[in-house]
Amino acid sequence: MRKFYFLSFVFLLIIFSCKDDGRIEGVEVESSFVNFDINAVPYAKLSTYAFFTGELKNLNPSSKVIPYEPASSLFTDYALKKRFIWMPQGTKATFDADDKTLNFPVGTVLIKSFYYNTIQPNNTTKILETRLMIRKSTGWIFAEYLWNDDQTEANLVTGTDFTSGSSKNITFKKDNGDIITTDYRIPSETECYACHKLDNKPVPIGVKPQNLNVSYNYPNGLKNQLQKLVDEGYLQSYPSNIVSTVNYKDTSKPLDIRLRSYLDINCAHCHQDNARCDYRAIRLSFSQTTNLAKLGVCILADEPIDPSLERIITPGNPNKSVMHFRLSSTNENNRMPLLGRTIVHDEGVELLKQWISSLNQTCP
């Protein structure tokens, strides 16, 4: 009997001394913990991280891999997205400001998969890519993984001959029933950096308190996403008075707040100080667009398209507004955003049109 209790004690000691990656010295154990060695990442295969349990394509998160969703989502040719955060055991992010990315510790991984569930002809589900941002001691790095046709694995292409990116021809059905065929763009590392650059350093975009200060339907029920991160030990604290973005699709919210939220997530990462397009006149971060001039209202474009398109926003007249023209275009010389889409986001253009039509200012 004593031998039985002794062996039971040893077994429990082994189980509870497991490291966060599911390993103990000299022993491999089965667990739902993530496999992460900061000196070895990015791994060649997505499955190596063990971010997900069961079949990889189900994207069922392992323990401490936390799903999240910003209030408004970046448009990427109508792709659906699943996003997750993982952080090493014993580390926490800190709050900086409403409109600044959470200050994540070294070892943090942001996981974002892009997929469609209406691929034609049979409305099948297909994951195209999974993008990781990994926080190393020297800063954030990108890791791009392409999924195979069998949906059993995603393979690293960053750091290979993938320097110019690639395209994947797809045909899918929109919510309104339209059938769309396009060459979905899978970005190179340089293209990722173009949008994720701030102060000449790569940074995340969506994980700002203003975007996460909304509820998410977790398996155990609805909860504020920032509070969830606190409860999981991933965030120290956050203030109760965050000025937050909204879901631009939510018609119960004011039109201007919806439009500002849409422009923040889709455009502000470039149109802000020390970013890719800071030489332009507009500043589209949610925290700045209470000022209509920052939105381009009555502001002359520095590159007028033609005499009828001189102002970025012409109040009351979408057809004479450069921003409306660029969001409605698929021509690479004219469209905005330049990266991340190949087709027009009809709902976004309609939102902008409604907002411009609601303005009644008289420009000088």
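Helices here are DSSP runs of H or I with at least four residues, strands are runs of E with at least two, and both are numbered from the N terminus. This is a predicted model, in which local features need pLDDT of at least 70 and side-chain atom pairs count only at pLDDT 80 or more, while totals for chains, interfaces and linings use all residues. Residues are numbered from 1 along each chain as its sequence is written, and side-chain values use heavy atoms, with hydrogens and water left out.

**Helix α7**

- The buried residues of α7 are Gly348, Val349, Leu351, Leu352, Trp355 and Ile356, where buried means under 20% relative accessible area, exposed over 50% and partly exposed in between, with a 1.4 Å probe and protein chains only.
- These residues lie on the same side of α7, because they cover an arc of only 160° around the axis, the arc being that of the directions from the helix axis to the C-beta atoms.
- Among the elements that cover the buried residues of α7 are α5 (255–267) and α6 (322–327), the cover being judged by contact, that is, heavy atoms within 4.5 Å.
- Glutamate 350, also placed in helix α7, counts as partly exposed at 37% relative accessibility, and its C-alpha atom is separated by 9.2 Å from that of histidine 324, 26 residues apart along the chain.

**Nonpolar cores**

- The largest nonpolar core has 44 residues, and those with the most contacts inside it are Tyr49, Phe51, Ile85, Phe104, Leu132 and Tyr145; such a core is a set of buried Ala, Val, Leu, Ile, Met, Phe, Trp, Tyr and Cys residues joined through side-chain atoms within 4.5 Å.
- Elements giving two or more residues to this core include β7 (109–119), β8 (124–136) and α4 (225–231), whereas its largest share, five residues, comes from β9.
- Apart from this core lies another, of 25 residues, with Ile282, Met323, Trp355 and Ile356 among them.

**Strand pairing**

- Strands β15 (residues 215–218) and β16 (residues 221–224) run antiparallel and are joined by four bridges, with asparagine 224 as the bridge partner of serine 215; two strands pair if DSSP finds at least two bridges between them.
- The hairpin from β15 to β16 passes through two residues.

**Confidence**

- The mean pLDDT of the protein is 88, and 90% of its residues reach 70 or more, pLDDT being the predictor's confidence in each residue, from 0 to 100.
- Over residues 1–32, pLDDT stays under 50.
- Where pLDDT is low, the predicted coordinates should not be read in detail.
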